[in-house]
Amino acid sequence: MEPKAVGFPHALKALPETVKEQWDKPEFKAYRDAFPVEFSGSQDAFQDHVVDLVSRDVKVSYLKNLQGYLWEEGYRSGQIKAPLFPDVAPMLARWHGRGMKLMIYSSGSVAAQKLLFKYTNAEPSDLTMLISDWFDTVNAGLKTESASYEKIAGNYPDVLPSQFLFLSDNVAEVDAAIAAGMQSKVIFRPGNAELSSDVRERLSVLETFDDLEANLNEKKLEALGKRDRSETEDNEQGETLRREEEVAAEDSHKDKKIKPLDDGKAEERRPSTNRTESDFPAAPSAGTGTTISDLLNEVEQANGN
Ligand SMILES: CSCCC(=O)C(=O)COP(=O)(O)O
């Protein structure tokens with residue numbers, strides 16, 4: 001998704017009038033007073049500082065909180081919507097339907113993230129019920145620091161860091177997540193800066209969420225192929241294979257029984273307006289075990305065959 005292209009200009013557009021009208025109002029004062037004193041004392045200094053920070057894309061939390069506030073009216077009035085790439089909403093719904101936990105970690109404030117996912121250009125627009133947790137620079141820290149990812153994983157003591165998959169268009173963030181023990185891949189979308197050959201060699205790069213889906217399916221097939229063979233092999237190989245399965249399962253944890261969305265019943269699930277969580281496919285109950293043929297069926301169904 002590329003919401004910056006819409007959100008940043010909108011915030012700058014809304015800034016002068018908001019500052020003029022609301023400078024001393026209690027609801028604005030909280031955002032104003034979070035700025036360093038040299039900028040919170042005068043409207044001009046304040047505005048110049050905001051413009052400077054935005055032009056340099058500085059991810060400081062007092063700016064991010066203010067941007068969230070400036071976006072609120074734009075989203076609520078319908079002036080702006082978060083522009084999602086077309087594969088994003090269907091794939092989030094599919095992953096959510098499989099019982100995967102989807103979390104957001106953005107430099108944008110949690111309040112701004114919730115607005116963004118509520119007012120998207122998808123149909124239905126509100127995707128917030130697909131997201132189970134929200135992290136920003138306040139509750140986790142800077143996205144380029146591995147400690148932030150350790151902190152996020154620390155919120156889930158029953159989940160290994162390696163069971164998290166963090167996706168980002170920012171290589172420094174991907175490196176930080178990997179340093180914290182998470183899996184992480186670069187998402188390279190239209191409009192992003194070109195990636196160096198070094199980055200393409202050492203990191204996994206995806207162009208769409210469909211690429212990730214294909215990647216997960218491949219890993220599952222690979223892992224399950226190994227497991228099928230292991231059942232007829234000596235037990236001495238068992239431990240190694242179990243480890244390999246664990247590694248593959250880290251990509252597809254809790255995802256052994258796929259219930260694809262595109263099973264011809266999409267229309268039945270689609271109410272006309274105001275979806276709630278129950279409008280998205282329910283997370284499957286724990287699987288009864290997966291065989292290679294189960295998986296091939298599932299992959300075929302997912303591919304519409
Ligand atoms: C409308 S953009 C919201 C996110 C934001 O403010 C930003 O700076 C982007 O940060 P991210 O960590 O999501 O790349």
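This is a predicted model: local features need pLDDT of at least 70, side-chain atom pairs count only at pLDDT 80 or more; totals for chains, interfaces and linings use all residues.
- Helix α9 spans residues 171–179, and its buried residues are Val171, Glu173, Val174, Ala176 and Ala177.
- The cover over these buried residues includes α8, β3, β4 (183–187) and α10 (197–202).
- Where α9 starts, Asn170 brings a side-chain oxygen to within 2.9 Å of the backbone nitrogen of Ala172.
- After α9 comes Gly181, with a positive phi near 95 degrees.

**Aromatic pairs**

- A pair of rings is described by the distance of the centres and the angle of the planes.
- The count for this model comes to 15 aromatic pairs.
- One of them joins Phe117 and Trp134: the ring centres are 5.8 Å apart and the planes stand at 70 degrees, and since planes over 60 degrees apart count as edge-to-face, this pair is edge-to-face.
- Phe117 belongs to helix α7 and Trp134 to strand β2, so their pairing ties together parts that are 17 residues apart in sequence.
- Phe117 and Trp134 are both buried.
- Tyr149 and Phe166 make another edge-to-face pair, with 5.0 Å from centre to centre and 70 degrees between the planes.
- This pair links distant parts of the chain, with Tyr149 in helix α8 (residues 146–154) and Phe166 in strand β3 (residues 165–168), 17 residues apart.
- Tyr149 and Phe166 are buried as well.
- Ring pairs also build a cluster out of Trp23, Phe28, Tyr31, Phe35, Phe46, Tyr62 and Tyr69.

**Arginines over rings**

- Arg189 places its charged end over the ring of Phe209, 5.4 Å from the ring centre.
- Arg200 does likewise with Phe188, its charged end lying over the ring at 4.9 Å from the centre.

**Backbone details worth a look**

- Most residues other than glycine have a negative phi, and most peptide bonds are trans.
- Asp57 has a positive phi, near 50 degrees, although this residue is not a glycine.
- You will find Asp57 in the loop between α4 (43–55) and α5 (61–76).
- The peptide bond from Glu123 to Pro124 is cis, its omega being near 0 degrees.
- Pro124 sits in the loop that runs between α7 (110–118) and β2 (133–135).

Note on methods: Residues are numbered from 1 along each chain as its sequence is written. Side-chain values use heavy atoms; hydrogens and water are left out. Helices (H or I, at least four residues) and strands (E, at least two) are DSSP runs, numbered from the N terminus. Rings of Phe, Tyr and Trp (its six-membered ring) pair if their centres lie within 6.5 Å; planes under 30 degrees apart count as stacked, over 60 as edge-to-face and the rest as tilted. Buried means under 20% relative accessible area, exposed over 50%, partly exposed in between (1.4 Å probe, protein chains only). A charge sits over a ring if NZ of Lys or CZ of Arg is within 6 Å of the ring centre and within 35 degrees of the ring normal. Contact means heavy atoms within 4.5 Å. A polar contact is a pair of N or O atoms within 3.5 Å; within protein, one must be able to donate a hydrogen and the other to accept it, and residues adjacent in sequence count only if both atoms are side-chain atoms.
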